[in-house]
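This report covers strand pairing, nonpolar cores, salt bridges and selected contacts. The sequence and structure come first.

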Amino acid sequence: PPPNPPATFTITPETVKKSKGKKDPAQRFAIKGQLDSTTFNVSQPIKGMLVVDAAQEMTVPIKTVNLQIIRVETIKAPEGTMKEASEVQSIQVATGNIAPGLQVPLHVVLPRLFTCPSVSQASFV
């Protein structure tokens, strides 16, 4: 597929969907980043970068930054739509308290055994 334009993202305590352990409402942080595209060829790495926002005052140091890639399979049938999500890969991209403003490069090779291209079919017979 042709590449999409770069996609930007921001991660804050409010945007994190799941977290192990207790969430401290006083925690503040902001990580901003960019992916080169939102569509990738399975034989090419995912590339981009992330930066700890220097403008956001952090209340606790960042210990690690992990990137989790999740595959979402969607099946549409006359009875309705079913979605199932499963983890493809989890990789630690940074360790330790990252200096605010420092660009951390992302270069992630997709695992060949757990990755497949998108397939679209009108209906299964």
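Thr10 stands opposite Lys32 in strand 2. Strand 1 and strand 2 run antiparallel and are joined by five bridges; strands here are DSSP runs of type E with at least two residues, and helices are runs of type H or I with at least four, both numbered from the N terminus. Two strands count as paired if DSSP finds at least two bridges between them.

The model is predicted, so local features need pLDDT of at least 70 and side-chain atom pairs count only at pLDDT 80 or more, while totals for chains, interfaces and linings use all residues. Residues are numbered from 1 along each chain as its sequence is written, and side-chain values use heavy atoms, with hydrogens and water left out.

The pLDDT (the predictor's confidence in each residue, from 0 to 100) averages 81 over the protein chain, and 79% of the residues score at least 70.

Four strands make an open sheet in the order 1-2-3-6, with antiparallel pairing. Strand 1 (7-11) and strand 6 are the edge strands, each pairing on one side only. From one strand to the next the twist averages 20°, where axes are lines fitted to C-alpha atoms (for helices over the stretch in contact) and angles run from 0 to 180 degrees between N-to-C directions.

Strand 2 pairs with strand 3 in the antiparallel sense over five bridges, and Ile31 has Val52 of strand 3 as its bridge partner. Strand 3 also pairs with strand 6 (residues 103-108), antiparallel over six bridges; there the bridge partner of Ile46 is Val108 in strand 6. Strand 3 is largely enclosed by the rest of the structure, because five of its seven residues are buried. Buried means under 20% relative accessible area, exposed over 50%, and partly exposed in between, with a 1.4 Å probe and protein chains only.

**Nonpolar cores**

Which residues make up the largest nonpolar core? Its 10 residues are Phe29, Ile31, Leu50, Val52, Ile62, Val65, Ala94, Ile98, Val104 and Leu106. Strand 3 and strand 6 are the elements that give two or more residues to this core. A second, separate core has five residues, including Ile46, Ile69, Val108 and Leu110. A nonpolar core is a set of buried Ala, Val, Leu, Ile, Met, Phe, Trp, Tyr and Cys residues joined through side-chain atoms within 4.5 Å. In soluble globular proteins, nonpolar side chains tend to be buried together.

Contacts, meaning heavy atoms within 4.5 Å, are listed here without residues up to four places away in sequence. Those of Leu50 include Phe9, Ile31, Val65, Val93, Leu102, Val104 and Leu106. Val108, found in strand 6, is buried at 1% relative accessibility. Val108 touches Pro45, Ile46, Leu67, Ile69, Gln89 and Ile91. The C-alpha atoms of Val108 and Ile69 are separated by 9.9 Å, and the two residues are 39 residues apart along the chain.

Gln89 lies in strand 5 (residues 80-95) and, at 17% relative accessibility, counts as buried. Among the residues that Gln89 touches are Leu67, Ile69, Val108 and Pro111.

**Salt bridges**

How many salt bridges does the structure hold? There are two, each defined by a side-chain nitrogen of Lys or Arg within 4 Å of a carboxyl oxygen of Asp or Glu.

| Salt bridge | N to O distance |
|---|---|
| Asp53 and Lys32 | 3.5 Å |
| Arg71 and Glu73 | 3.7 Å |

Asp53 is buried, at a relative accessible area of 18%, whereas Lys32 is partly exposed at 40%. In the other pair, Arg71 is partly exposed at 27% relative accessibility, and Glu73 is partly exposed with a relative accessible area of 41%.

**Loop position**

Pro61 is also placed in the loop between strand 3 and strand 4. With a relative accessible area of 53%, Pro61 is exposed. Pro61 and Ala99 are 38 residues apart in sequence, with a C-alpha to C-alpha distance of 9.7 Å.
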